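Open the model in your viewer and keep the selection tool at hand. Each stop below says what to select and what is there.

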Amino acid sequence: MDLLSTIKSRRSIRKYTKEVPPLELINKCIEAALYAPSARNSQPWSFILVKNKEVIEKLSKAQPFTKFLEGAPYVIVALADENKSNHWLEDLGCAIMLLLLEAHSLGLGACWGAIYHPQSKERENYVREILLIPEHLRIIACIAIGYPDETPPPKKVKSLDEAIIKVV
Ligand SMILES: Cc1cc2nc3c(=O)[nH]c(=O)nc-3n(C[C@H](O)[C@H](O)[C@H](O)COP(=O)(O)O)c2cc1C
């Protein structure tokens with residue numbers, strides 16, 4: 001598939017089959033994230049790969065909209081070192097996007113579970129305690145990943161005419 005087709009056909013997948021994808025595929029998704037752009041090429045990201053069912057179950061309770069994590073064979077916790085970049089949040093957005101795209105291109109399904117919240121560290125603290133994550137690593141997302149067990153329809157997006165508000 002060419003890149004634009006991959007981009008256009010990706011959807012968030014929140015239901016997964018019981019089949020556990022080979023670790024090699026999960027590693028490819030994380031590898032894709034490592035090539036993301038970052039401010040001053042700071043590459044502030046790191047990841048925790050969670051396979052343990054009980055731990056995944058606990059993570060799924062981080063907030064009401066992360067319940068879908070509980071059905072995933074893997075959860076990737078995406079972390080940002082706030083000492084390495086002034087733009088750690090944007091940097092991680094780029095990295096996670098590449099991870100999600102690689103997952104889709106490999107026939108996997110994935111979905112971002114939000115942990116970072118601009119007004120509260122409550123969810124971060126919850127995940128931090130479970131995984132014993134040091135304070136300087138901000139916890140951005142818990143990403144569920146597995147083989148898709150749902151097929152959401154293609155997404156309606158803005159037309160180019162709506163999106164480009166001015167050409168100067
Ligand atoms: C920053 C961010 C946070 C998100 N947090 C959640 C979440 O906590 N729970 C969830 O089910 N989906 C979450 N999503 C997935 C979005 O709901 C999804 O991307 C959006 O509805 C568009 O659908 P699509 O990914 O299929 O294109 C998040 C996505 C982003 C980019």
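Start with the largest nonpolar core, a set of 39 residues in this predicted model. Select V75, A78, C142, I143 and I145, which have the most contacts inside this core. Next, colour the elements that give two or more residues to the core: α2 (23-33), β1 (45-50), β2 (74-81), α4 (88-105), β3 (109-114) and β4 (137-146). Of these, β4 gives the most, with eight residues.

Which residues is I145 in contact with, leaving aside its neighbours within four places in sequence? They are I26, C29, A72, Y74, I76, A103, L108 and A110.

Now select α4, a helix of 18 residues. From its first C-alpha to its last, α4 reaches 26 Å, close to the 26 Å expected at 1.5 Å a residue. Its buried residues are W88, D91, L92, A95, I96, L99, L100, E102, A103 and H104. After α4 comes G107, where phi is positive, near 85°.

Move on to the ligand. Around the ligand, select R11, S12, R14, F65, T66, F68, C111, W112, G113, A114, P152 and K155. This shell divides into six nonpolar, three polar and three charged residues.

Finish at D2, in the segment before α1 (3-9). Is D2 buried or exposed? D2 counts as exposed because it has 7 C-beta neighbours inside 10 Å, and 12 or fewer is the cut-off for exposed. Draw a distance from D2 to K84: the two are 82 residues apart in sequence and 34 Å apart in space, C-alpha to C-alpha.

Methods: Residues are numbered from 1 along each chain as its sequence is written. This is a predicted model: local features need pLDDT of at least 70, side-chain atom pairs count only at pLDDT 80 or more; totals for chains, interfaces and linings use all residues. A residue is near a molecule or strand if its C-beta atom, placed from the backbone, lies within 6 Å of it. Ala, Val, Leu, Ile, Met, Phe, Trp, Tyr, Cys and Pro count as nonpolar, Asp, Glu, Lys and Arg as charged, and the others, Gly among them, as polar. A nonpolar core is a set of buried Ala, Val, Leu, Ile, Met, Phe, Trp, Tyr and Cys residues joined through C-beta atoms within 7 Å. A residue is buried if 20 or more other C-beta atoms lie within 10 Å of its own, exposed if 12 or fewer, and partly exposed in between; C-beta atoms are placed from the backbone. Helices (H or I, at least four residues) and strands (E, at least two) are DSSP runs, numbered from the N terminus. Two residues are in contact if their C-beta atoms, placed from the backbone, lie within 7 Å. The expected span of a helix is 1.5 Å times one less than its number of residues.
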